[in-house]
Amino acid sequence: MAEEPKYTLYQFPMSYYSQKVLLTFFEKNIDFKPVFINLMANEQLQEWYYKLHPDGLVPLLQYGDKLLPESDDIMDHLDKQSTESCLVPSVDTDVGKDVARWRSLLTSDVPIGMVTYGVFYNPELSLTGIKSPVTLTKDEMRERGEQAAKEMMALAEKMPEVKENIERKLKGMEERKNVIADPAKVKAKIDQIQAVFDKVEEKLKESGGDAWLCGSDYSAADISLTVLINRLVLLGILPMFLTETRPLVAAFWERAEARENMKQMRAFALKYAQEQAAKQPK
C-alpha cells in the first residue's frame, strides 16, 4: 500500500493563491493529498473549514498537527523540504533580497481580486473572452454575493471566535462591490497592473532578457509573475499587457507557460473540472 503523503493541501485550482502553491509543489516534485474547496459553491464558508482556517481562505497546508495558511509561507516551507531547486534564496544574499522584493511587489501592487471580480462583472472589458468553465451574469454574481454574506453572518453568530475576521471580510466584500459596479474604476485597477508590467519589463532587461526575473535561476518571484499572467489570460485581457514595448514580458510568458510545473498545474485543474462536470445532472 502506498504511503500517505505528508502534506494535505486545501485548495481550489482556479484560486490565484492556490495556483502559486500548486506550481511550487510541482516544481519541487513534492507529493501531496489535494482537498478541493469549491469557492464557486462557497464551500470555504462551512463551519468545519473555518475551524481549520479562521479566515475561510485557500490555500491551507496541513502536515501532522500543523496548519500553514498563507501562500507565501507555504511556498517558503516547501522550498526547504526538497533540494530539487531553490525557489527562495536566503535574504542574506543579493539575489534573495531581489526575489523577496519582487514577491512583495507582485502582491502589494497588484489588485488582482478587484480586477478578477471586475472583469467577471463587466465582461465587455475582456478583449478575448473570459476563459472560465463557469461564468455568471451580473444578477447571479449579486445573488451569490448576498447569499455568501448571509452565510458568513450566520457563521459569525455560531463561531464568535471568528466574528471579527468575518466582519472584516464582509467590509472588504462591500468595498469590492462598489468598485466592480463601475467599469471606470475597474479599468483604473487594470491600469495599476500596467504600471507593474512596466517595471517587470525593465527588470527582465536588467536580468539579461532571456533570463528569469531575478537572474538565471527560476524562483518564487517567477511563480508569482507566472500566476499573474495566467490570471490575465483567464480574464481575456493579456493583450492589453503584451504590447510592442514589452517584448521581454512576452518572452518570459512563453518560457513560463512551457515549463513542466505549469503543464502539471493545468492538467491538475482540467482533471478537477472534468470530475465536477461529471457530477452535474444530465
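Which residues does Ala156 touch, not counting residues up to four places away in sequence? That one gets its reply in the third view; here is the set of legends.

**View 1. The whole chain, to get your bearings.** This is a predicted model, in which local features need pLDDT of at least 70 and side-chain atom pairs count only at pLDDT 80 or more, while totals for chains, interfaces and linings use all residues. Residues are numbered from 1 along each chain as its sequence is written, and side-chain values use heavy atoms, with hydrogens and water left out. The protein has 11 helices and four strands; these are DSSP runs numbered from the N terminus, helices being H or I with at least four residues and strands being E with at least two. Its radius of gyration is 19 Å, which agrees with the value near 19 Å for a compact globule of 282 residues. That radius is taken over C-alpha atoms, and the globule rule is 2.2 Å times the number of residues to the power 0.38. Along the principal axes, the C-alpha atoms fill a box of roughly 55 × 55 × 40 Å.

View 2. Of the 282 residues, 46% are buried; buried means under 20% relative accessible area, exposed means over 50%, and partly exposed is in between (1.4 Å probe, protein chains only). The protein exposes about 14500 Å², with carbon and sulfur atoms supplying 53% of it. These areas come from the Shrake-Rupley method with a 1.4 Å probe, and for residues only the protein chains shown count as cover. Contact here means heavy atoms within 4.5 Å. Among contacts with a separation of 6 or more, 70% are between residues 24 or more positions apart. As for charge, the mean positions of the 37 positive and 44 negative charges are 3 Å apart. Lys and Arg count as positive and Asp and Glu as negative, with His and the chain ends not counted; each charge is placed at NZ of Lys, CZ of Arg, CG of Asp or CD of Glu.

View 3. Ala156 is part of helix H6 (residues 138-158). Back to the opening question: Ala156 touches Lys163 and Ile166, leaving out residues up to four places away in sequence. Ala156 is buried at 6% relative accessibility. The C-alpha of Ala278, 122 residues apart along the chain, is 34 Å from that of Ala156. Pro160 sits in the loop between H6 and helix H7 (163-180), and is exposed, with a relative accessible area of 58%. The C-alpha atoms of Pro160 and Glu84 are separated by 43 Å.

View 4. Look for Asn42 in the loop between strand E2 (33-36) and helix H2 (47-52). Its relative accessible area is 12%, so Asn42 is buried. Asn42 and Arg144 are 102 residues apart along the chain, yet their C-alpha atoms are separated by 8.8 Å. Asn42 also has a positive phi of about 60°, although it is not a glycine.

View 5. Most residues other than glycine have a negative phi, and most peptide bonds are trans. Asn29, in the loop between helix H1 (16-28) and E2, has a positive phi near 60°. With 58% relative accessibility, Asn29 counts as exposed. Further along, a cis peptide bond joins Val58 and Pro59, with omega about 5°. Pro59 lies in the loop between H2 and strand E3 (60-63).
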